[in-house]
Amino acid sequence: MAKDILSDAGLHFDELNKLRVLDPEVTQQTIELKEECKDFVDKIGQFQKIVGGFIELVDQLAKEAENEKMKAIGARNLLKSIAKQREAQEQQLQALIAEKKMQLERYRVEYEALCKVEAEQNEFIDQFIFQK
């Protein structure tokens, strides 16, 4: 009966018969909640460490991917440059070939003209010798 009166007043006795303001069951639940919260905070801390490690790994992989991307872009640009150089070189060689063909044609015309002159001179010499 005395316990009921005290309970109605908000006072309770614990297992050691000490006077408490909170109900021993509520106190026990509070302690359990506190321990669960501590466990939760510890697990969150571990989770943050794991996530931090994962983020570092992803950042490292992103940097490596970016480096490889830059290497690929550089290689592609180098290939384009080489292709342009070869194209320019091919054009130069084509121009040189055209120039040499023109020179060959000039030499051929000159050769034909010289052959004609030679033939005329040989004919003149033959006529000159036969006239004597």
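**Surface cysteines and an aromatic pair on a helix**

The cysteine C37 is partly exposed, with a relative accessible area of 40%, where partly exposed denotes the range between buried (under 20% relative accessible area) and exposed (over 50%), computed with a 1.4 Å probe and protein chains only. The structure is a predicted model, in which local features need a pLDDT of at least 70 and side-chain atom pairs count only at pLDDT 80 or more, while totals for chains, interfaces and linings use all residues. Residues are numbered from 1 along each chain as its sequence is written, and side-chain values use heavy atoms, with hydrogens and water left out.

C115 is likewise partly exposed, with a relative accessible area of 27%. A search of the whole structure for disulfides, defined as pairs of cysteine sulfur atoms within 2.5 Å, finds zero.

The secondary structure of the protein comprises two helices and two strands, these being DSSP runs numbered from the N terminus (helices H or I, at least four residues; strands E, at least two). From the N terminus on, the order of the elements is α-β-β-α. The mean pLDDT, the predictor's confidence in each residue on a scale from 0 to 100, is 88 for the protein, and 81% of the residues score at least 70. Confidence is lowest in helix α1 (residues 2–9), with a mean of 56, and highest in α2, at 95. Where pLDDT is low, the predicted coordinates should not be read in detail. Of the 132 residues of the protein, 2% count as buried.

Helix α2 (residues 24–131) includes I129, as well as F124 and F128, which lie four residues apart, about one turn of the helix. The structure holds one aromatic pair. Its rings, those of F124 and F128, have their centres 6.3 Å apart and their planes at 20°, so the pair is stacked; by definition, rings of Phe, Tyr and Trp (its six-membered ring) pair if their centres lie within 6.5 Å, and planes under 30 degrees apart count as stacked, over 60 as edge-to-face and the rest as tilted. F124 is exposed, with a relative accessible area of 55%, whereas F128 is partly exposed at 44%, and I129 is exposed at 52%.

Together with I125, the residues F124, F128 and I129 form a nonpolar patch on the surface, with about 430 Å² of accessible area together. Patches are made of residues with over 30% relative accessible area and no salt bridge, like charges being joined within 9 Å and nonpolar side chains (Val, Leu, Ile, Met, Phe, Trp, Tyr) within 5 Å; a salt bridge is a side-chain nitrogen of Lys or Arg within 4 Å of a carboxyl oxygen of Asp or Glu.

Notes. Areas by Shrake-Rupley, 256 points an atom, 1.4 Å probe, with all protein chains shown as cover.
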